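Hello,

Here is the structure I promised to pass on to you. Please have a look at it first, and then read my notes below.

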Amino acid sequence: MQKPSAPTIADVAAAAGVSLATASRALAGYGRVAAATIDRVRDAADALGYRPNELARSMRIGSTSTIGLVVIADFTNAFFDRVTKAIVDTARTRGYQVIISNTDEEISVEFAAVQTMLDKQVDGILVVPSLHENSDHLLSDRVNGKPVVLLDRYTNDARLSSVTTDDRLGTRRAVDESIALGHRRLGFLISTVGVDGFTDQEPSAMISTVRERVEGFRAGAKAAGGRVLSEQWRFAQDSAQAAEGAIASMLDGPHPPSVVFCSNNDMLIASLRVIAQRGMRVGHDISIVTVDDSPWASAFSPGIAVVARPVEDVGEAAVRLLLERIADPGHDPVTVTLPTEFIPRGSLAPPPPSSEN
(Lines give C-alpha, C1' and ligand atoms only; values in the text may rest on other atoms or scores of the structure.)
Protein backbone atom coordinates (compact mmCIF):
# COMPACT_ATOMS: atom_id res chain seq x y z
CA MET A 1 0.00 0.00 0.00
CA GLN A 2 1.21 3.45 -0.83
CA LYS A 3 1.78 5.63 2.22
CA PRO A 4 -0.49 8.68 2.11
CA SER A 5 1.40 11.94 1.68
CA ALA A 6 1.40 14.51 4.47
CA PRO A 7 -1.01 17.40 3.99
CA THR A 8 0.51 20.52 2.48
CA ILE A 9 -0.26 24.17 2.97
CA ALA A 10 -2.02 24.04 -0.39
CA ASP A 11 -4.40 21.45 1.06
CA VAL A 12 -5.03 23.74 4.02
CA ALA A 13 -5.75 26.69 1.70
CA ALA A 14 -8.20 24.63 -0.33
CA ALA A 15 -9.98 23.34 2.77
CA ALA A 16 -10.28 26.85 4.21
CA GLY A 17 -11.34 28.34 0.88
CA VAL A 18 -8.54 30.91 0.78
CA SER A 19 -5.53 31.56 -1.42
CA LEU A 20 -2.17 29.91 -0.76
CA ALA A 21 -0.67 33.30 0.20
CA THR A 22 -3.46 33.99 2.70
CA ALA A 23 -3.09 30.54 4.27
CA SER A 24 0.64 31.09 4.61
CA ARG A 25 0.20 34.50 6.26
CA ALA A 26 -2.50 33.18 8.61
CA LEU A 27 -0.36 30.28 9.84
CA ALA A 28 2.85 32.29 10.11
CA GLY A 29 1.20 35.24 11.87
CA TYR A 30 2.32 38.03 9.55
CA GLY A 31 0.61 40.42 7.15
CA ARG A 32 -2.98 41.64 7.29
CA VAL A 33 -5.42 38.76 7.66
CA ALA A 34 -8.86 38.99 9.25
CA ALA A 35 -9.22 37.24 12.59
CA ALA A 36 -12.06 35.11 11.30
CA THR A 37 -9.94 33.99 8.35
CA ILE A 38 -7.05 33.10 10.65
CA ASP A 39 -9.37 30.97 12.76
CA ARG A 40 -10.75 29.23 9.65
CA VAL A 41 -7.27 28.48 8.30
CA ARG A 42 -6.01 27.15 11.64
CA ASP A 43 -9.13 25.00 12.05
CA ALA A 44 -8.51 23.55 8.59
CA ALA A 45 -4.85 22.88 9.44
CA ASP A 46 -5.85 21.10 12.66
CA ALA A 47 -8.48 19.03 10.89
CA LEU A 48 -6.00 17.92 8.23
CA GLY A 49 -3.17 17.33 10.69
CA TYR A 50 -0.97 19.83 8.88
CA ARG A 51 2.45 20.55 10.36
CA PRO A 52 4.69 23.31 8.97
CA ASN A 53 8.04 22.43 7.47
CA GLU A 54 10.32 24.01 10.06
CA LEU A 55 13.47 23.28 8.07
CA ALA A 56 12.13 25.11 5.04
CA ARG A 57 10.98 27.96 7.27
CA SER A 58 14.35 28.28 8.94
CA MET A 59 16.09 28.35 5.57
CA ARG A 60 13.81 31.19 4.45
CA ILE A 61 14.24 33.37 7.54
CA GLY A 62 17.81 32.36 8.48
CA SER A 63 16.85 31.24 12.00
CA THR A 64 15.89 27.95 13.62
CA SER A 65 14.70 29.50 16.91
CA THR A 66 16.90 27.03 18.78
CA ILE A 67 19.87 27.50 21.04
CA GLY A 68 22.43 24.92 22.05
CA LEU A 69 23.35 24.19 25.66
CA VAL A 70 26.64 22.38 26.20
CA VAL A 71 26.99 21.38 29.85
CA ILE A 72 28.79 18.87 32.04
CA ALA A 73 27.22 15.45 32.40
CA ASP A 74 26.04 15.36 36.01
CA PHE A 75 22.48 16.67 35.90
CA THR A 76 21.98 15.33 39.43
CA ASN A 77 24.23 18.18 40.56
CA ALA A 78 21.99 20.70 42.35
CA PHE A 79 23.27 23.62 40.30
CA PHE A 80 23.18 22.15 36.80
CA ASP A 81 19.82 20.49 37.28
CA ARG A 82 18.17 23.78 38.23
CA VAL A 83 20.07 26.03 35.85
CA THR A 84 19.18 23.79 32.91
CA LYS A 85 15.49 24.02 33.77
CA ALA A 86 15.76 27.81 34.09
CA ILE A 87 17.40 28.01 30.67
CA VAL A 88 14.80 25.82 29.00
CA ASP A 89 11.90 27.68 30.63
CA THR A 90 13.30 31.13 29.83
CA ALA A 91 14.08 30.20 26.23
CA ARG A 92 10.56 28.83 25.75
CA THR A 93 8.98 32.10 26.85
CA ARG A 94 11.06 33.84 24.18
CA GLY A 95 10.02 31.43 21.45
CA TYR A 96 13.19 29.30 21.49
CA GLN A 97 13.80 25.60 22.01
CA VAL A 98 16.96 24.24 23.61
CA ILE A 99 19.12 21.38 22.37
CA ILE A 100 21.20 19.93 25.22
CA SER A 101 24.48 18.06 25.07
CA ASN A 102 27.01 17.09 27.73
CA THR A 103 30.78 16.88 27.91
CA ASP A 104 31.76 14.66 30.88
CA GLU A 105 34.27 17.48 31.54
CA GLU A 106 36.23 16.25 28.49
CA ILE A 107 37.47 18.97 26.14
CA SER A 108 37.42 16.62 23.12
CA VAL A 109 33.76 15.86 23.81
CA GLU A 110 33.11 19.60 24.13
CA PHE A 111 34.65 20.14 20.67
CA ALA A 112 32.31 17.51 19.22
CA ALA A 113 29.25 18.84 21.07
CA VAL A 114 29.79 22.36 19.79
CA GLN A 115 30.18 21.05 16.25
CA THR A 116 26.95 19.08 16.62
CA MET A 117 25.15 22.27 17.63
CA LEU A 118 26.52 24.04 14.58
CA ASP A 119 25.44 21.14 12.35
CA LYS A 120 21.93 21.53 13.75
CA GLN A 121 21.98 25.21 12.79
CA VAL A 122 21.32 26.58 16.27
CA ASP A 123 21.14 30.36 16.48
CA GLY A 124 23.54 30.57 19.44
CA ILE A 125 25.30 28.42 22.03
CA LEU A 126 25.56 28.43 25.81
CA VAL A 127 28.66 26.58 27.00
CA VAL A 128 29.91 25.44 30.39
CA PRO A 129 33.60 25.28 29.42
CA SER A 130 35.59 22.22 30.44
CA LEU A 131 38.84 24.15 30.74
CA HIS A 132 39.92 27.60 31.92
CA GLU A 133 42.14 27.86 28.84
CA ASN A 134 42.02 26.60 25.25
CA SER A 135 38.77 28.26 24.18
CA ASP A 136 39.73 28.97 20.56
CA HIS A 137 37.06 26.55 19.34
CA LEU A 138 34.41 28.91 20.76
CA LEU A 139 35.57 32.07 18.99
CA SER A 140 33.45 33.62 16.27
CA ASP A 141 35.49 32.44 13.29
CA ARG A 142 35.34 28.85 14.55
CA VAL A 143 31.58 28.77 15.20
CA ASN A 144 30.41 30.24 11.89
CA GLY A 145 29.79 33.60 13.51
CA LYS A 146 27.22 32.17 15.94
CA PRO A 147 27.14 33.98 19.30
CA VAL A 148 28.52 32.08 22.30
CA VAL A 149 27.92 32.84 25.98
CA LEU A 150 29.81 31.01 28.73
CA LEU A 151 27.74 29.76 31.64
CA ASP A 152 28.86 29.33 35.28
CA ARG A 153 32.52 29.48 34.28
CA TYR A 154 34.72 31.88 32.37
CA THR A 155 37.90 31.33 30.39
CA ASN A 156 41.02 33.43 30.00
CA ASP A 157 39.75 34.75 26.66
CA ALA A 158 38.25 38.24 26.99
CA ARG A 159 36.51 37.88 23.62
CA LEU A 160 33.79 35.65 25.10
CA SER A 161 30.78 36.84 27.11
CA SER A 162 30.02 35.01 30.36
CA VAL A 163 27.49 34.77 33.19
CA THR A 164 28.98 33.63 36.51
CA THR A 165 28.52 34.10 40.25
CA ASP A 166 30.72 35.77 42.85
CA ASP A 167 31.93 32.56 44.46
CA ARG A 168 35.07 34.17 45.83
CA LEU A 169 33.16 36.62 48.05
CA GLY A 170 30.67 33.96 49.15
CA THR A 171 33.30 31.47 50.27
CA ARG A 172 35.30 34.22 51.96
CA ARG A 173 32.18 35.13 53.95
CA ALA A 174 31.72 31.48 55.00
CA VAL A 175 35.24 31.38 56.47
CA ASP A 176 34.80 34.77 58.16
CA GLU A 177 31.61 33.58 59.86
CA SER A 178 33.31 30.37 61.01
CA ILE A 179 36.26 32.23 62.48
CA ALA A 180 33.85 34.56 64.29
CA LEU A 181 32.22 31.51 65.92
CA GLY A 182 35.60 30.39 67.25
CA HIS A 183 36.82 27.84 64.71
CA ARG A 184 40.60 27.65 64.53
CA ARG A 185 41.24 24.37 62.70
CA LEU A 186 39.91 24.53 59.16
CA GLY A 187 39.45 21.78 56.58
CA PHE A 188 38.84 22.37 52.88
CA LEU A 189 37.51 19.64 50.59
CA ILE A 190 37.73 20.71 46.95
CA SER A 191 36.39 18.79 43.95
CA THR A 192 38.56 19.28 40.89
CA VAL A 193 39.44 17.62 37.61
CA GLY A 194 42.91 16.31 36.80
CA VAL A 195 43.38 14.59 40.17
CA ASP A 196 43.71 10.84 40.67
CA GLY A 197 42.11 10.06 44.02
CA PHE A 198 42.97 12.98 46.29
CA THR A 199 45.96 15.09 47.20
CA ASP A 200 46.91 17.91 49.54
CA GLN A 201 48.72 19.68 46.69
CA GLU A 202 46.76 22.30 44.76
CA PRO A 203 46.53 21.34 41.05
CA SER A 204 48.02 23.80 38.60
CA ALA A 205 44.92 23.80 36.38
CA MET A 206 41.45 24.34 37.79
CA ILE A 207 38.22 25.55 36.26
CA SER A 208 37.36 29.14 37.13
CA THR A 209 34.60 28.42 39.66
CA VAL A 210 36.80 26.05 41.66
CA ARG A 211 39.69 28.53 41.63
CA GLU A 212 37.37 31.34 42.77
CA ARG A 213 36.16 29.21 45.67
CA VAL A 214 39.68 28.22 46.67
CA GLU A 215 40.80 31.86 46.58
CA GLY A 216 37.81 32.90 48.69
CA PHE A 217 38.42 30.19 51.28
CA ARG A 218 42.12 31.05 51.39
CA ALA A 219 41.49 34.78 51.68
CA GLY A 220 39.26 34.21 54.71
CA ALA A 221 41.87 32.06 56.41
CA LYS A 222 44.63 34.56 55.64
CA ALA A 223 42.61 37.48 57.01
CA ALA A 224 42.19 35.60 60.30
CA GLY A 225 45.96 35.59 60.74
CA GLY A 226 47.18 33.96 63.96
CA ARG A 227 43.66 32.97 64.99
CA VAL A 228 43.89 29.99 62.60
CA LEU A 229 45.84 27.14 64.14
CA SER A 230 45.79 24.85 61.09
CA GLU A 231 44.52 24.52 57.54
CA GLN A 232 44.07 21.16 55.85
CA TRP A 233 43.44 21.13 52.11
CA ARG A 234 42.30 18.14 50.10
CA PHE A 235 41.78 18.29 46.35
CA ALA A 236 39.70 15.30 45.30
CA GLN A 237 38.63 13.58 42.13
CA ASP A 238 34.88 13.93 41.56
CA SER A 239 33.96 10.49 42.88
CA ALA A 240 32.46 9.26 46.13
CA GLN A 241 35.45 7.03 46.87
CA ALA A 242 38.00 9.82 46.41
CA ALA A 243 35.98 12.34 48.38
CA GLU A 244 35.38 9.94 51.27
CA GLY A 245 39.07 9.08 51.38
CA ALA A 246 39.95 12.78 51.41
CA ILE A 247 37.64 13.72 54.29
CA ALA A 248 38.65 10.60 56.24
CA SER A 249 42.31 11.58 55.97
CA MET A 250 41.51 14.89 57.63
CA LEU A 251 39.23 13.55 60.37
CA ASP A 252 41.59 10.70 61.28
CA GLY A 253 44.67 12.91 61.62
CA PRO A 254 46.18 14.08 64.91
CA HIS A 255 44.54 17.54 64.67
CA PRO A 256 41.26 17.16 62.77
CA PRO A 257 39.43 20.26 61.59
CA SER A 258 36.55 21.61 63.64
CA VAL A 259 34.87 22.87 60.45
CA VAL A 260 34.98 21.52 56.91
CA PHE A 261 34.25 23.65 53.85
CA CYS A 262 33.04 21.68 50.82
CA SER A 263 33.32 23.06 47.30
CA ASN A 264 30.08 21.40 46.13
CA ASN A 265 27.29 19.08 47.22
CA ASP A 266 29.05 15.92 46.05
CA MET A 267 31.86 16.68 48.49
CA LEU A 268 29.27 17.48 51.15
CA ILE A 269 27.47 14.15 50.79
CA ALA A 270 30.76 12.25 51.01
CA SER A 271 31.66 14.22 54.14
CA LEU A 272 28.31 13.57 55.81
CA ARG A 273 28.67 9.86 55.14
CA VAL A 274 32.15 9.66 56.71
CA ILE A 275 31.16 11.87 59.64
CA ALA A 276 28.20 9.58 60.38
CA GLN A 277 30.40 6.49 60.15
CA ARG A 278 32.55 7.92 62.93
CA GLY A 279 29.57 8.59 65.16
CA MET A 280 30.12 12.34 65.00
CA ARG A 281 27.26 14.85 65.12
CA VAL A 282 27.12 17.70 62.61
CA GLY A 283 26.74 21.04 64.37
CA HIS A 284 28.05 19.55 67.63
CA ASP A 285 31.26 17.57 67.14
CA ILE A 286 32.06 19.13 63.80
CA SER A 287 30.69 21.92 61.62
CA ILE A 288 30.25 21.84 57.86
CA VAL A 289 29.56 24.35 55.06
CA THR A 290 29.04 23.79 51.34
CA VAL A 291 28.58 25.73 48.12
CA ASP A 292 25.11 25.66 46.48
CA ASP A 293 21.81 25.44 48.28
CA SER A 294 19.19 22.75 47.70
CA PRO A 295 15.80 21.89 49.21
CA TRP A 296 17.24 19.01 51.21
CA ALA A 297 20.01 21.19 52.68
CA SER A 298 17.46 23.22 54.63
CA ALA A 299 15.41 20.12 55.47
CA PHE A 300 18.44 18.25 56.84
CA SER A 301 18.72 18.21 60.64
CA PRO A 302 20.55 20.36 61.42
CA GLY A 303 20.18 22.48 58.29
CA ILE A 304 23.31 22.78 56.17
CA ALA A 305 25.00 26.19 56.02
CA VAL A 306 25.57 27.13 52.39
CA VAL A 307 27.04 29.66 50.00
CA ALA A 308 23.91 30.01 47.87
CA ARG A 309 24.08 31.02 44.24
CA PRO A 310 21.11 32.55 42.37
CA VAL A 311 20.74 29.54 40.10
CA GLU A 312 17.56 30.52 38.26
CA ASP A 313 18.88 34.06 37.76
CA VAL A 314 22.03 32.64 36.19
CA GLY A 315 20.02 30.65 33.64
CA GLU A 316 17.71 33.55 32.84
CA ALA A 317 20.60 36.03 32.48
CA ALA A 318 22.51 33.67 30.20
CA VAL A 319 19.53 33.24 27.86
CA ARG A 320 18.83 36.98 27.77
CA LEU A 321 22.46 37.76 27.01
CA LEU A 322 22.64 35.13 24.26
CA LEU A 323 19.43 36.34 22.61
CA GLU A 324 20.76 39.90 22.66
CA ARG A 325 23.82 38.63 20.78
CA ILE A 326 21.63 36.73 18.33
CA ALA A 327 19.62 39.89 17.62
CA ASP A 328 22.72 42.11 17.39
CA PRO A 329 25.97 40.14 16.91
CA GLY A 330 28.03 43.33 16.96
CA HIS A 331 27.90 43.76 20.74
CA ASP A 332 31.17 43.78 22.67
CA PRO A 333 31.71 40.85 25.07
CA VAL A 334 30.05 41.28 28.46
CA THR A 335 30.95 39.75 31.82
CA VAL A 336 27.96 39.31 34.14
CA THR A 337 28.75 38.37 37.76
CA LEU A 338 25.76 37.72 40.00
CA PRO A 339 26.03 37.96 43.81
CA THR A 340 26.09 34.97 46.16
CA GLU A 341 24.63 34.76 49.66
CA PHE A 342 25.96 33.00 52.74
CA ILE A 343 23.08 31.29 54.56
CA PRO A 344 24.03 30.21 58.12
CA ARG A 345 22.23 27.14 59.45
CA GLY A 346 22.67 24.67 62.28
CA SER A 347 25.53 22.75 60.64
CA LEU A 348 27.80 25.71 61.46
CA ALA A 349 28.05 26.14 65.23
CA PRO A 350 30.77 27.04 67.74
CA PRO A 351 33.37 24.27 67.98
CA PRO A 352 33.57 21.95 70.99
CA PRO A 353 36.31 23.14 73.39
CA SER A 354 38.43 20.04 72.85
CA SER A 355 38.78 20.71 69.11
CA GLU A 356 41.03 23.73 69.57
CA ASN A 357 43.61 22.09 71.84
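**Buried charges and their partners**

Aspartate 152 is buried, with a relative accessible area of 4%; buried here means under 20% relative accessible area, exposed over 50%, and partly exposed in between (1.4 Å probe, protein chains only). Arginine 153 is buried as well, with a relative accessible area of 4%. Aspartate 152 and arginine 153 form a salt bridge, their closest N and O atoms being 3.7 Å apart. The term stands for a side-chain nitrogen of Lys or Arg within 4 Å of a carboxyl oxygen of Asp or Glu.

Before going on, a word on the basis of these notes. This is a predicted model, in which local features need pLDDT of at least 70 and side-chain atom pairs count only at pLDDT 80 or more, while totals for chains, interfaces and linings use all residues. Residues are numbered from 1 along each chain as its sequence is written, and side-chain values use heavy atoms, with hydrogens and water left out.

The pLDDT, the predictor's confidence in each residue from 0 to 100, averages 87 over the chain, and 92% of the residues score at least 70. Helices (H or I, at least four residues) and strands (E, at least two) are DSSP runs, numbered from the N terminus.

Back to the charges: the whole structure holds 19 salt bridges. One of them joins the side chains of aspartate 167 and arginine 213 at 2.7 Å, N to O. Aspartate 167 lies in helix α7 (residues 167–181) and arginine 213 in helix α8 (residues 208–224), so this pair ties together parts that are 46 residues apart in sequence. Aspartate 167 counts as buried at 2% relative accessibility, and arginine 213 does too, at 6%.

Helix α7 also contains arginine 173 and glutamate 177, four residues apart, about one turn of the helix. Their salt bridge has its closest N and O atoms 2.9 Å apart. Arginine 173 is partly exposed, with a relative accessible area of 40%, and glutamate 177 is partly exposed at 27%. Elsewhere, salt bridges that share partners join Asp152, Arg153, Asp167, Arg213, Asp292 and Arg309 into one network.

**Strand β9 and its neighbours**

In β9, Val259 and Phe261 point one way and Val260 and Cys262 the other, and all are buried. Strands count as paired if DSSP finds at least two bridges between them. Strand β6 (residues 185–191) runs parallel to β9, with four bridges joining them; here leucine 189 stands opposite cysteine 262. Four bridges also join β9 to strand β10 (residues 287–291), again in parallel, and valine 260 stands opposite isoleucine 288. From β9 the chain crosses through α10 to β10, and this β-α-β crossover is right-handed, that is, with the strands pointing away from the viewer, the path from the first strand over the helix to the second runs clockwise.

**Helix α10**

Helix α10 (residues 265–277) has 13 residues and reaches 18 Å from its first C-alpha to its last, close to the 18 Å expected, where the expected span is 1.5 Å times one less than the number of residues. Its buried residues include Met267, Leu268, Leu272 and Ile275. Asparagine 264 caps the N-terminal end, with a side-chain oxygen 3.1 Å from the backbone nitrogen of aspartate 266. Just after the helix, glycine 279 takes a positive phi of about 70°.

Best wishes

Technical notes. Polar contact = N/O pair within 3.5 Å; in protein donor to acceptor, adjacent residues only side chain to side chain.
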